[in-house]
Amino acid sequence: MSTAIIGVGNIGGTIARHLVAGGESVVVAARDESQAKALADELGPRARAASVEEAITGADAVVLALWLDNMREVIPQQARLLDGKVVVDPSNPIGFDPDGQIIRTLPDDQSAGSIVSALLPAGAHYVKAFGTLSADSLAAGAHREPRLAVLFYATDDNAAGTAAERLIRAAGFDPVKAGGVADAGRIEGPGGDLQEFALGELVDLEKARAAVADVKQPA
Ligand SMILES: NC(=O)c1ccc[n+]([C@@H]2O[C@H](COP(=O)([O-])OP(=O)(O)OC[C@H]3O[C@@H](n4cnc5c(N)ncnc54)[C@H](OP(=O)(O)O)[C@@H]3O)[C@@H](O)[C@H]2O)c1
């Protein structure tokens with residue numbers, strides 16, 4: 001399976017490093033192709049850089065490691081190429097106020113996952129994944145011993161779920177399904193109860209399964 005990673009910032013770069021370390025092949029793409037090339041050079045023979053279009057065309061799975069606002073531009077531009085692909089979305093509805101404080105950019109009852117999945121063509125296999133940890137925790141938490149840390153995912157699509165589990169394992173984590181797209185908000189921050197900051201730690205399989213089952217009822 002070949003994975004395209006669109007966006008080579010904090011999250012895209014970390015996912016690319018973990019997947020290559022786990023034996024996966026990646027194609028990285030960015031707005032500035034020199035940044036993608038620098039990352040591919042760092043990662044060695046399992047990685048190469050390409051244009052966004054070329055990366056998507058050659059991949060089975062596409063990680064959109066972009067901010068939500070950029071996805072609103074990129075997905076319509078690439079809709080034809082994304083049709084039929086597994087599309088992995090790590091986005092959070094997160095922004096910063098003028099004082100640098102984190103703010104939620106969507107209403108409480110709307111998830112980034114619901115927006116991204118609705119932008120995609122009908123034939124895309126959508127999964128929300130790789131966005132539940134901070135970039136630093138994602139980088140440091142792989143291959144944790146003695147018990148792997150969990151990455152949650154959410155999807156309504158079996159093919160996307162299978163691909164997400166494979167990528168999460170290759171990256172050095174245990175996968176746990178949080179639910180369908182309607183549950184995506186649970187693994188997004190700010191506000192999601194399964195997000196790293198809500199749980200207060202990187203959880204193992206046992207704690208993750210218990211947390212998924214512990215659905216908080218609205219007050
Ligand atoms: N950072 C975290 O701790 C964290 C944790 C969990 C989830 N997330 C989510 O992950 C996503 C990415 O966050 P990040 O921190 O990795 O952001 P980032 O470091 O700013 O990286 C975003 C990347 O997207 C690229 N990009 C923007 N528009 C593009 C386009 N049209 N075509 C190709 N590439 C484009 C940027 O390139 P340029 O530099 O050229 O603009 C940059 O490489 C966000 O949705 C965020 O909510 C982040």
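Tutor: Two strands pair if DSSP finds at least two bridges between them, and strands (E, at least two residues) and helices (H or I, at least four) are DSSP runs, numbered from the N terminus. This is a predicted model, in which local features need pLDDT of at least 70, side-chain atom pairs count only at pLDDT 80 or more, and totals for chains, interfaces and linings use all residues. Residues are numbered from 1 along each chain as its sequence is written, and side-chain values use heavy atoms, with hydrogens and water left out.

Student: Over how many bridges do β1 and strand β2 pair?

Tutor: Strand β2 covers residues 25–29, and Ser25 in β2 stands opposite Ser2. The two strands, β1 and β2, run in the parallel sense, and the number of bridges over which they pair is five.

Student: Which handedness has the crossover from β1 through helix α1 to β2?

Tutor: With the strands pointing away from the viewer, a crossover is right-handed if the path from the first strand over the helix to the second runs clockwise. Here the chain leaves β1, passes through α1 (residues 10–21) and reaches β2, and this β-α-β crossover is right-handed.

Student: Which residue in β4 does Ala4 stand opposite?

Tutor: Strand β4 (residues 61–64) pairs with β1 in the parallel sense over four bridges. Within β4, the residue opposite Ala4 is Val62.

Student: Why is β1 largely enclosed by the rest of the structure?

Tutor: Buried means under 20% relative accessible area, with a 1.4 Å probe and protein chains only. Ser2, Ala4 and Ile6 cover one side, and Thr3 and Ile5 the other. Strand β1 (residues 2–6) is largely enclosed because the buried residues number five of the five.

Methods:
Buried < 20%, exposed > 50% of the residue type's maximum accessible area, 1.4 Å probe, protein only.
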